[in-house]
Amino acid sequence: MSANSTERPRSLDVVLVKGGRTKIRYAAELVADDGTRIAVRAPWSGDGVRDFGFVRFEPGDVFTEYYWRDRWYAVKEVRDAAGTLKGWYCDVTRPATLSGTELVVEDLDLDLWRSADGTEVLRLDEDEFAESGLERSDPEAAAAAVAALDELEVLATVEGGLESLLA
């Protein structure tokens with residue numbers, strides 16, 4: 001879309017599926033789609049404040065979310081209402097699919113957080129992943145999920161690593 005375009009931004013529904021059920025659905029604006037990577041922007045869609053201890057998601061926060069059709073993760077850049085970077089929340093997922101106006105992503109439980117200053121990199125929900133039974137029911141997907149988390153952790157610990165995915 002050019003700067004002089006009268007075309008309206010394309011709205012999508014992001015559908016996060018977990019265990020075969022829709023976990024959350026929310027509206028987002030399509031920012032870019034190069035055929036492999038899809039970028040969307042959406043306000044925090046939760047009810048009120050969600051305090052994880054290492055970060056608080058709250059009304060006014062804006063998520064710029066990057067999904068890949070060929071990678072097993074999504075990276076979400078989180079900014080507060082004033083535009084200050086809070087950090088990156090990364091979900092390990094099956095590759096994303098875009099069908100019409102629905103961007104569907106299957107959450108595989110594993111997550112990673114990197115603070116804006118890079119001092120905090122946390123692997124999250126490994127217990128939930130172990131309890132999910134994916135290693136037994138789909139060992140190939142489980143191996144891809146663990147490899148994706150390892151890749152994200154490496155990217156989160158080198159200068160410019162996560163940012164290089166988003167450029």
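I started with glutamate 58 and found it partly exposed, with a relative accessible area of 24% (buried is under 20%, exposed over 50%, partly exposed in between; 1.4 Å probe, protein chains only). The model is predicted, so I kept to its limits: local features need pLDDT of at least 70, side-chain atom pairs pLDDT 80 or more, while totals for chains, interfaces and linings use all residues. Residues are numbered from 1 along each chain as its sequence is written, and side-chain values use heavy atoms, without hydrogens and water.

Next I looked at partners. Glutamate 58 forms a salt bridge with lysine 86, the closest N and O atoms being 3.2 Å apart (a side-chain nitrogen of Lys or Arg within 4 Å of a carboxyl oxygen of Asp or Glu). Lysine 86 counts as buried at 18% relative accessibility. I also traced a salt-bridge network that links Asp51, Arg56, Glu58, Asp61 and Lys86.

I then checked aspartate 107, which pairs with lysine 23 in a salt bridge at 3.4 Å between the closest N and O atoms. Aspartate 107 is buried at 5%, whereas lysine 23 is partly exposed at 48%. For aspartate 91 and lysine 76, I found a salt bridge with closest N and O atoms 2.7 Å apart, and both residues are buried. My count came to 18 salt bridges.

Last, I turned to the largest nonpolar core, which has 24 residues (buried Ala, Val, Leu, Ile, Met, Phe, Trp, Tyr and Cys joined through side-chain atoms within 4.5 Å). Val92 and Leu152 are among those with the most contacts inside it.
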